[in-house]
Structures are given as C-alpha cells and as structure tokens.
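I am opening a notebook page for this structure. My plan is to look up a handful of things and jot down what I find.

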Amino acid sequence: MSRSIVRQSKFRHVFGQAVKTEQGYDDIRVSKVTWDSSFCAVNPKFLAVIVESSGGGAFLVLPLSKTGRVDKSYPLVVGHSGPVLDIDWCPHDDNVLASCSEDCTAMVWQIPDHSLTRPLSDPIVVLEGHSKRVGIVSWHPTARNILLTAGSDNLVIIWNVGTGEPLLSMDDHPDLIYSISWNRNGSLFCTTCKDRRLRVCDPRKREVVAERLAPHEGIRPMRAIFTRDGNIFTTGFTRMSQRELGLWDPTNFEEPMALLELDTSNGVMLPYYDADANMVYLCGKGDSSVRYFEITEEPPYVHYLNTFSSKEPQRGMGFMPKRGVDVSKCEIARLYKLLDKKCEPITMTVPRKSDLFQDDLYPDTAGPEPPMEADEWLEGRDEDPILVSMRDGYVPPKSRELKVAKKNVLDSRPTTRRSMSTLETNSLPVSSLVYIIQSILLQLFFHNSV
C-alpha cells in the first residue's frame with residue numbers, strides 16, 4: 001500500500017484573518033486613478049493611502065494606532081499639482097516617504113511622529129528630471145538616501161535625496177515601464193516593460209546585463225520581483241489571457257525554473273515578497289482573495305500554500321515590513337487591503353501552541369540602519385542589509401530629521417563682470433541712481449565741449 005508523501009514546511013498551515021471592524025480604517029476616499037500601483041504603503045509607524053482630492057494630488061498618512069473612522073477634515077499631504085501615482089516609505093527612516101505624480105515630479109516628505117494638525121504642503125525636496133508623468137518610486141534597500149524613479153518618458157533616474165541631485169539615468173527602455181524591483185543588496189534591479197521584455201539592469205554601469213523576451217506570452221502588464229537567492233519571480237498572462245506566475249534564473253533565461261497557470265481574470269497580479277520566509281503573496285487588482293506561495297531550493301521550486309478570501313474586491317494593497325509584525329501572536333505577515341471606502345488589515349499567522357518566541361519563524365530581519373552611504377554605493381560598494389533580532393519585538397525609533405544639503409550652483413560658476421545695461425536698477429537706492437545719472441551727464445558735457 002503506497003502512501004502519498006506530504007511536503008514538510010512550517011508555513012504549510014499559515015492562515016489569513018481580517019481584523020475586527022473597529023481595528024480597521026474607515027471613510028477613506030481611495031484614489032480612482034487608472035494606474036496599476038498598490039495605492040498604499042505601510043511601515044511600523046504609519047499607514048499611507050493615495051486618496052481622491054480636488055485641485056491636484058494628495059495622500060493620507062495615519063499613525064497605525066489611529067484606527068476607526070477617519071474624519072473628513074483630516075489633514076492630507078497635498079504638495080503635488082497632479083494625481084499621485086505611487087508612494088514608498090524609506091526603509092531606513094520610518095518618518096520619510098517618497099511620492100510621485102502625473103505632474104512629472106517626485107517628492108520626499110518628512111512626516112511628524114504625531115498626527116497631522118494641518119495639511120502638509122512643503123516637501124523636503126522636489127525631484128524634477130522627468131518630462132512625463134512619474135509612475136514608480138523605489139528606495140534603495142541598503143544605501144542611505146538613494147531613490148529610484150521611473151516615468152512615462154521611459155527614463156529611470158536614480159537620485160541622492162540628501163543633495164536633491166540625479167546621480168544616474170538609464171534610457172534603455174523603448175516603452176512604458178510597468179514595474180521595478182531592487183535585489184537584496186541593491187547592486188541590480190529588474191524591470192518589466194510594455195515591450196514584453198524582462199530586464200536585469202546594473203545602474204552603476206548603465207547597462208542591461210540580462211533580458212528575456214516574453215516571459216509570459218500575453219500582452220497585458222507583467223510584474224517582477226527579485227528573491228533573496230537572486231532569482232526573479234514574475235506574474236503575467238498567457239496568450240489566452242490566463243494569469244500565470246513564473247520563477248526565473250537571470251543567469252539562464254532560456255527556460256523558467258517554474259511556470260504555473262492560475263486562473264482567468266483581467267486584474268494585474270501584484271506580488272509581495274517576504275525574504276525571511278521566502279514566501280510570495282499575490283494580490284490581484286479587483287480580486288477578493290490573496291494567494292500565497294512558498295519558494296524552495298528544490299523542484300518544483302514554487303509551492304502553493306493557501307488562499308485568503310473575503311467578500312469585497314481590493315483596490316490596492318500595502319505590505320508591512322517584517323519588523324512591524326506581532327511576534328507574540330506568531331504573525332509572519334500583515335497586509336493592508338484597500339476597499340472603496342476603507343482599509344482592512346489582514347494578519348497571516350502560523351498556528352503554534354507555545355507562547356514562547358519562535359526562533360524558526362523569525363530569523364534576524366533587515367533593520368532600519370543603512371550599511372552604507374550614497375557615495376559609497378555610487379563608487380561600487382555592495383552590502384547586504386544590517387540584520388536585527390525580532391526576539392523582543394521591534395520598537396520604532398523617534399523621528400530623525402532628513403537634511404538636504406543642496407550645492408550652491410553659484411559656487412561652480414566663474415564670476416562675471418556685469419555691464420551697466422544689465423544692472424537691476426530697481427534694486428538700487430535713489431542716492432546711487434542720482435550719482436550714476438550725474439556721472440553720465442558730466443561725461444556727456446565734457447565730451448561735447450571737447
């Protein structure tokens with residue numbers, strides 16, 4: 001008599017559960033912009049949601065503890081003149097957030113620890129370099145103050161937020177960029193593009209080091225993320241518009257390591273990756289479910305675990321960094337599901353009987369301290385994230401001010417003598433004007449008398 005062998009995994013019984021209604025966030029006017037971003041970003045301190053607003057773009061920032069109904073007059077972050085398309089919290093400072101918009105700019109904001117008392121309209125720095133709308137912002141995982149932006153001008157720009165200056169740019173994409181993901185140490189990033197190519201780019205060499213045409217045969221948008229092992233996890237569509245996922249080795253793009261068909265639906269699958277557990281959560285726009293998978297080192301590499309389902313379809317999703325989960329409840333992930341008028345946290349839990357800290361569920365995770373500065377990364381240095389223990393939970397530090405040291409453009413210019421015709425006479429005092437006129441008249445008088 002043969003027995004089927006069940007794969008051993010500590011994540012095989014992970015289950016999802018929506019929190020109670022009073023622990024959610026109600027009366028949020030989620031943005032209706034037709035853009036395939038998550039519309040939501042979360043960290044251990046704050047929840048940020050892109051919202052509808054008149055006269056420009058805005059997003060809402062709430063302390064995680066401010067649950068319940070959000071007052072209609074609650075102050076927003078309102079610096080953009082066009083709809084906001086993407087937002088991303090800095091991994092090295094829980095009070096710093098980047099946003100980008102249809103107004104062709106990206107902005108970096110310092111959010112105070114307390115709730116906003118009035119609308120925030122002054123960013124720390126405005127990043128202007130794109131000629132069309134900016135649809136993607138992504139912080140570097142290990143270098144301080146490095147931010148990547150990508151726009152509809154098919155340009156990727158990497159900025160030093162500390163100086164407000166562009167460091168690098170790449171124009172290797174002939175069409176709209178759908179998604180960008182850094183690898184674990186930030187030496188490479190992968191992109192998906194409307195030309196149906198998956199690319200791996202080395203930004204410091206300004207070159208594409210690997211690419212694959214049509215990892216998914218359908219023409220609808222793809223998404224790609226790096227895993228901790230350096231492989232690339234993708235979501236896309238088949239030629240018959242079925243959704244599928246794939247796992248690829250960028251050193252050998254000829255054949256996929258895994259390719260799985262999921263279902264038939266129009267919604268783009270947004271992947272969220274947990275590097276500590278090597279798990280991927282797939283959230284389809286317009287779906288009412290979240291599928292989750294485990295990635296292993298042995299074939300078939302990608303293993304379906306389970307599906308969390310609810311009644312209402314999701315407009316977007318936020319994913320909490322591992323340092324923000326509750327270790328006392330064996331919570332390994334927390335997602336923030338956006339509905340039409342509210343945000344609903346979903347906890348992913350491994351059932352355990354013991355109340356003790358579970359070492360096997362919580363290896364040391366990436367902490368908030370960056371291992372290197374922007375200049376060191378630009379010069380070619382690579383570092384993995386600095387890890388912190390989760391044994392005693394994570395306590396977010398107090399706000400640290402992000403200082404922007406812009407170079408004085410006048411210092412680099414040679415001093416030029418200005419002619420009298422170029423003097424701004426409006427700025428001169430009356431006595432000086434009288435003296436100048438008298439001098440001119442005297443010169444004319446002596447010239448005529450000669």
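How much space lies in the second largest pocket? About 420 Å³ lies in that pocket.

**Before going further**

I note that this is a predicted model, in which local features need pLDDT of at least 70 and side-chain atom pairs count only at pLDDT 80 or more, while totals for chains, interfaces and linings use all residues. Residues are numbered from 1 along each chain as its sequence is written, and side-chain values use heavy atoms, with hydrogens and water left out.

**Entry: the second largest pocket**

I looked up what surrounds this pocket and found a lining of 16 residues, with V19, Q23, K329, R334 and T347 lying nearest its centre. The elements giving two or more residues to the lining are β1 (15-18), β28 (331-338) and β29 (342-349). (Strands are DSSP runs of E with at least two residues, helices are runs of H or I with at least four, and both are numbered from the N terminus.) By type, I have six nonpolar, five polar and five charged residues in this lining. (Ala, Val, Leu, Ile, Met, Phe, Trp, Tyr, Cys and Pro count as nonpolar, Asp, Glu, Lys and Arg as charged, and the others, Gly among them, as polar.)

For my own reference: on a 1 Å grid over the protein atoms alone, a pocket is an open set of points with protein on both sides within 12 Å along at least five of seven lines, a cavity is a set where a 1.4 Å probe fits but cannot get out, and lining residues have an atom within 4 Å of a point. Points are joined across faces, edges and corners, and a volume is the space filled by probe spheres set on them.

**Entry: cavities**

I then turned to cavities and found three of 30 Å³ or more. The largest cavity holds about 90 Å³ of space. Its lining is made of D27, I28, R29, V51, L60, V70, D71, K72, Y74 and L76. I sorted these into six nonpolar, no polar and four charged residues.

**Entry: aromatic rings**

My search of the whole structure gave ten aromatic pairs. (Rings of Phe, Tyr and Trp, the last by its six-membered ring, pair if their centres lie within 6.5 Å; planes under 30 degrees apart are stacked, over 60 edge-to-face, and the rest tilted.)

Why is the pair of F59 and W109 called edge-to-face? Their planes stand at 80°, with the ring centres 6.1 Å apart. F59 belongs to strand β5 (residues 58-63) and W109 to strand β9 (residues 105-110), so this pair ties together parts that are 50 residues apart in sequence. F59 is buried at 0% relative accessibility, and W109 is buried at 0% too. (Buried means under 20% relative accessible area, exposed over 50% and partly exposed in between, with a 1.4 Å probe and protein chains only.)

I also wrote down W182 and W377, an edge-to-face pair with 6.1 Å centre to centre and 80° between the planes. W182 sits in strand β15 (residues 177-182) and W377 in helix α1 (residues 374-378), 195 residues apart. W182 is buried at 9%, and W377 is buried at 0%. Elsewhere, ring pairs link Y272, Y281, Y292 and F319 into a cluster.

**Entry: F39 and charges over rings**

I gave F39 its own entry. F39 lies in the loop between β2 (25-26) and β3 (40-42), and is buried with 1% relative accessible area. F39 has a positive phi of about 65° although it is not a glycine. The charged end of K285 sits over the ring of F39, 4.0 Å from its centre. Likewise, the charged end of R220 sits over the ring of F237, 5.2 Å from its centre. (This needs NZ of Lys or CZ of Arg within 6 Å of the ring centre and within 35 degrees of the ring normal.)

**Entry: the loop between β25 and β26**

Which peptide bond here is cis? The bond from P299 to P300 is, with omega near 5°. P300 is in the loop between β25 (289-295) and β26 (302-309). Y301 is found in that loop as well, and has a positive phi of about 75° without being a glycine.

**Entry: cysteines**

I searched the whole structure for disulfides and found zero. (A disulfide is a pair of cysteine sulfur atoms within 2.5 Å.) C190 is in none, and the nearest cysteine sulfur, that of C201, is 8.7 Å away. C190 is buried at 0% relative accessibility.
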